Amino acid sequence: MEREIGNGDLIPAREPWTVRVAVWSARHRWPVFAAWFVLVFGLMFGASALGGQNTQSIMEQGKSIGESDAGWNAYDDANASAKSQVTTEWFYLLVSNFGGKLDTPANRAAIADMTARLQALTVDYEGKTVPVFYTTPGSQLPPVVDPYALAQAAPDQAPGVLSEDGTTAIITAHVAGNDAEATAKAAAIKPLAEEFRKTYPSLTLYAFNNRLINEDFGNYVNNSLDALLLPTLLVTFLILLIASRSLVAALVPLVLAMTAIMGAMGLVGIYSQKVAPVSQYVSHIVVLIRLAVAVDYSLFIISRFRTERGRGNVSFFGMLTGLGKGWQSMRAGLRAQENEGRSKFGAIEVASSTAGRAVFFSGLAVMISLGGLLLIDDDVFKSIAIGCIAVVLISVAGSLTFLPATLSILDRWVVRFGIPFLARDRGEGRGIWGTIVRVATNKPVIAAGAAAVVLLSVAFPVTKLQLGSTTSDVSTLPHSVEGVRAWDLITQKWPEGRELKVEVIVTDAKAPATAAAIEKFAADVKSGRIAGLNPASMAIDTSSDGTVVDVSASIAGGPNDLTNWSMIRDLRSTVAPSYFGSLANTKAYVSGNAAYTMDYSNWYGGQMPLVIFFVLGMSFLLLLVAFHSIVIPLKAILLNLLSAGAAFGVLVLLFQEGWLSEYTGIRPNVVEAWAPAMIFTILFGLSMDYHVFILTRVKEARDRGLESTDAVVKGITITAGTVTSAAAIMVCVFAAFFSIQLAIMQELGIGLAVAILFDATLVRSLLLPSLMKLLGEWNWWMPSFLRWIPRITIEGEPEHVLGAGPVARVRAKDKDLGTAGA
């Protein structure tokens, strides 16, 4: 279909469906505007009606992985009949006297009082009054055990509950019941612990239990997010204000971002209730991605709309000056500026066919990249991927519908009311970035070499990357959580190990030969013949049917210690087979938290190649189709890999090697096993925003007749202001998550902030222009055997068509839309 302009020339009407949706939304602005709020509030209230987000405990193991889980599963299966009746959880009340010895008559009396009050604690559950703690079947001990009474009755167990320095003791107990009952009982423990602190202020008390840790951690997550959101929005608003030079234009992206956050959280909540529980990290990551993506997408489109609508930006000062000359004079001045650009709907159409299309393809690239996370077969990990994909999907949908409708409603209001001293446009392509790009294209070899050396140097520490689990190591959680402080105290007072155990789980335990082998192994552990295992902590647990035995002993250090991993590998390959390897029907599994952490890290590390190849392959295909060049996608992949490598290098230096720890407060440990996959997929998608947005303008300039080098300079410099602002927003949003004292969130925030910073500076200003200058027309080379691939253009029609001047082009589009003077 074609349409005629004034001089008889024809313009091919080939708007893609995304442009048609945007224009339709603009022309039906009020219904679309209202429908958007109905949608996001409907999703939010729908999730709330279903019960809100159903999250998995931070202390729960995720996917069943490796030999460690195989052993636990074998023991649980043998305990099936008992497990159906009752489940148990441990509980410790740590009592410490940092000012001196704990073993005094007054302190013993205090501990005896607390033990008795805990034992008498009850809770109303399902119309019945039930005790909070219970006696382990077969045990001669009371439900709540006084450590001094235990030491007197069983001296061999004293080291497990009384610290060697005599300052700390542990009151031990077990909680029984299903999930709801255990939650109700845990809720009853906390107020009693507070009463103990008031009664015995000279003693330091910590209540320690997985369920309590999870509750405190969840509260910390929510409170941190609430406290972080407002400052992050304020910083984002200030950057938008500087970038857009208009109060109204700065507010619109924030409105889109906040509404889409509500919609995305609603989708995640519905998923968590109807499909599977989600990770507690989902809320953080959804907000992190949403603020960065939605604001950037809005910025791209609003920037192009304002350029097309009219370059004049009327400041408050200008308005007041015009008003001083009279109302009619001010209105005449505004009309004069309005006549400089396209009509409202014409500007929306052009913005949608250029920046809007770039946003659509960028969002598609982000979602494809995040889709790589779905290849990792872990429900909780998939929930993070689904949350991120949902937030990008809603961002793109809002950019194609809600944003055009809002621009149609506001129209000139996004141009007027500029801020004094900010409402000055130095012109496209000017400023420091334009200078740097010209230097890079004039000295391309030097610029490319220097930038590559810097990025490779920063990336080099990645060769020492050690993956682990920051969630299985309680010490990496925020120290405002009481359970974390309790764990630190246990680690300090029992350095030989108490809570971190190695378990050797043996099947076919009723067979005489297996029983004899188990007895010999346990005796050797007890006598200290098995290196690394604490003899005093050795314990034997037998399943309810007697077919599986769990021989456990504590180990020193943490679950991420390489020494412990080496010991576990030795137990699996040498020690356990020497006892049980010759027994045909017997299996011996080496398990425990350290073993699980090692299996977990190895499993996630093994998933990385699959994710990387998927993301690289799909990104290559998308850019190949979009730009019809084989060089553009290869170059984009190379540049993104350099940015990702630099980000991983910084993570190793900060979180593993401990660089600047005295200033950052980071406790050196390991890099979370799934963090590289998450950072890589998010970064690869977000980096495509810049590349697609920039390359779209480069290709647009080239299609209008500019030489390749000139097109590169024009495309990069003309987008410099918008891209710099978008990158600044992303860096600020991501870096803000460093304030959350949670290792995985700090790793994600710093990793993404560093990568975006490098990508928007060294890569965009030096590597990209210098490489494109060196490649010249080869940038657009497409092998003959691939030319059958269909062309899917990102950018809209060239402005000059078949000899028609720009004015004829503008008027033709406006007349066709029926919007002249709108």
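Predicted model: local features only at pLDDT ≥ 70, side-chain atom pairs only at ≥ 80, totals over all residues.

Me: What kind of aromatic pair do Phe41 and Phe45 form?
Reply: A stacked one, with the rings 6.2 Å centre to centre and 20° between the planes.

Me: Is Phe45 buried or exposed? And what about Phe41?
Reply: Phe45 is exposed, with a relative accessible area of 53%. Phe41 counts as partly exposed, at 31% relative accessibility.

Me: What about Tyr579 and Phe580, how is that pair arranged?
Reply: Tyr579 and Phe580 form a tilted aromatic pair, 6.2 Å centre to centre with 40° between the planes. Both of these residues are buried.

Me: New topic: which residues make the nonpolar surface patch of about 420 Å²?
Reply: That patch is made by Trp659, Leu660 and Tyr663. Tyr663 is placed in helix α24 (residues 661-664) and counts as exposed, at 67% relative accessibility.

Me: Let's do sheets. In what order do the four strands of the open sheet come?
Reply: The order is β6-β7-β3-β8, with antiparallel pairing.

Me: Why is one side of β6 and of β8 left without a neighbour in the sheet?
Reply: Because β6 (144-145) and β8 (204-208) stand at the edges, and each has a single partner strand. For β6, two bridges join it to the antiparallel strand β7 (residues 168-176). Val145 stands opposite Thr172 in β7.

Me: And β12, is that strand enclosed or open?
Reply: Strand β12 (residues 549-554) is largely enclosed by the rest of the structure, because six of its six residues are buried. Val549, Val551 and Ala553 point one way, while Asp550, Ser552 and Ser554 point the other way.

Me: Which strands does β12 pair with?
Reply: Among them are β10 and β11. Six bridges join β10 to β12 in an antiparallel run, and Glu503 stands opposite Ser552 there. Strand β11 (residues 539-542) is also antiparallel to β12, over four bridges. Thr542 has Val549 as its bridge partner in β12.

Me: How many residues lie between β11 and β12 in their hairpin?
Reply: Six residues, and Gly546 in the turn has a positive phi of about 80°.

Me: Last one: where does Glu499 lie, and is it buried or exposed?
Reply: Glu499 lies in the loop between α19 (482-493) and β10 (501-506). At 16% relative accessibility, Glu499 counts as buried.

Me: What is Glu499 in contact with, leaving aside its neighbours within four places in sequence?
Reply: With those set aside, Glu499 is in contact with Tyr92, Trp487 and Ile490. As for Ala556, it is 57 residues from Glu499 in sequence and 9.1 Å away in space, C-alpha to C-alpha.

Notes. Residues numbered from 1 in each chain as written. Heavy atoms only, no water. Phe/Tyr/Trp six-rings, centres within 6.5 Å; stacked < 30°, edge-to-face > 60°. Buried < 20%, exposed > 50% of the residue type's maximum accessible area, 1.4 Å probe, protein only. Patch = residues over 30% accessible without salt bridge, like charges linked within 9 Å, V, L, I, M, F, W, Y side chains within 5 Å. Areas by Shrake-Rupley, 256 points an atom, 1.4 Å probe, with all protein chains shown as cover. Salt bridge = Lys/Arg side-chain N within 4 Å of Asp/Glu carboxyl O. Pairing = 2+ DSSP bridges. Contact = heavy atoms within 4.5 Å.
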